[in-house]
Amino acid sequence: MSKSICDLCGKSPHGMIILTDLSGQKRQLCRDCYNEELAEAMGIENFKDFIKTYQVKDVDGELHVFEIQKEIFPMGIKWVTNEIKDGEIEGYRFGFYSELEDDPVECLQKLYRKINQGLSEKYVNKESVNG
């Protein structure tokens, strides 16, 4: 399965955004290019600088790697993390919405706390049943 490519920068990350203008012309953008265009149009300056991966061990000591994505909307910002295994999105997913003017550093800390809390407990127990 081939990944889509951003029409502006040529990157092919997980999750692309398709924009259609009033004439029906479509553009496929990565989140970074989409955020940059929307931030410029809305006058938002603190949208770029954040760490885009986070690694943490769960309650059993297993390492989990998360890709952090930030998406700007006219009414707020969506922060989402997806667990990445072997280059594909698989496993845990965490997220929340923030206000446009919220401090991105505080938002990242909130996201890290959600991940840490989610991985601090076991939710499924494996059992063998005879018969």
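## A buried tyrosine

Tyr54 is buried, with a relative accessibility of 16% (buried means under 20% relative accessible area, exposed over 50% and partly exposed in between, using a 1.4 Å probe and protein chains only). Keep in mind that this is a predicted model, where local features need pLDDT of at least 70, side-chain atom pairs count only at pLDDT 80 or more, and totals for chains, interfaces and linings use all residues. Residues are numbered from 1 along each chain as its sequence is written, and side-chain values use heavy atoms, with hydrogens and water left out.

## Aromatic pairs

Searching the whole structure turns up three aromatic pairs. Here, rings of Phe, Tyr and Trp (its six-membered ring) pair if their centres lie within 6.5 Å; planes under 30 degrees apart count as stacked, over 60 as edge-to-face and the rest as tilted. One of the pairs is Tyr54 with Tyr112, a stacked arrangement with 4.2 Å from centre to centre and 15 degrees between the planes. This pair links distant parts of the chain, 58 residues apart: Tyr54 sits in strand 3 (residues 53-57) and Tyr112 in helix 2 (residues 104-119). Both kinds of element are DSSP runs numbered from the N terminus, helices being H or I with at least four residues and strands being E with at least two. Tyr112 is buried too, at 12% relative accessible area.

Tyr92 and Phe94 also pair: their ring centres are 5.9 Å apart and their planes lie at 10 degrees, so the pair is stacked. Tyr92 is partly exposed at 29% relative accessible area, whereas Phe94 is buried at 13%. Together with Phe66, Tyr92 and Phe94 make up one aromatic cluster.

## Strand 4 and its neighbours

Now have a look at strand 4 (residues 63-73), which is mostly covered, with eight of its eleven residues buried. Strand 4 runs antiparallel to strand 3, and five bridges join the two; strands count as paired if DSSP finds at least two bridges between them.

Glu67 stands opposite Asn82 of strand 5. Two residues lie between strand 4 and strand 5 in the hairpin that they form.
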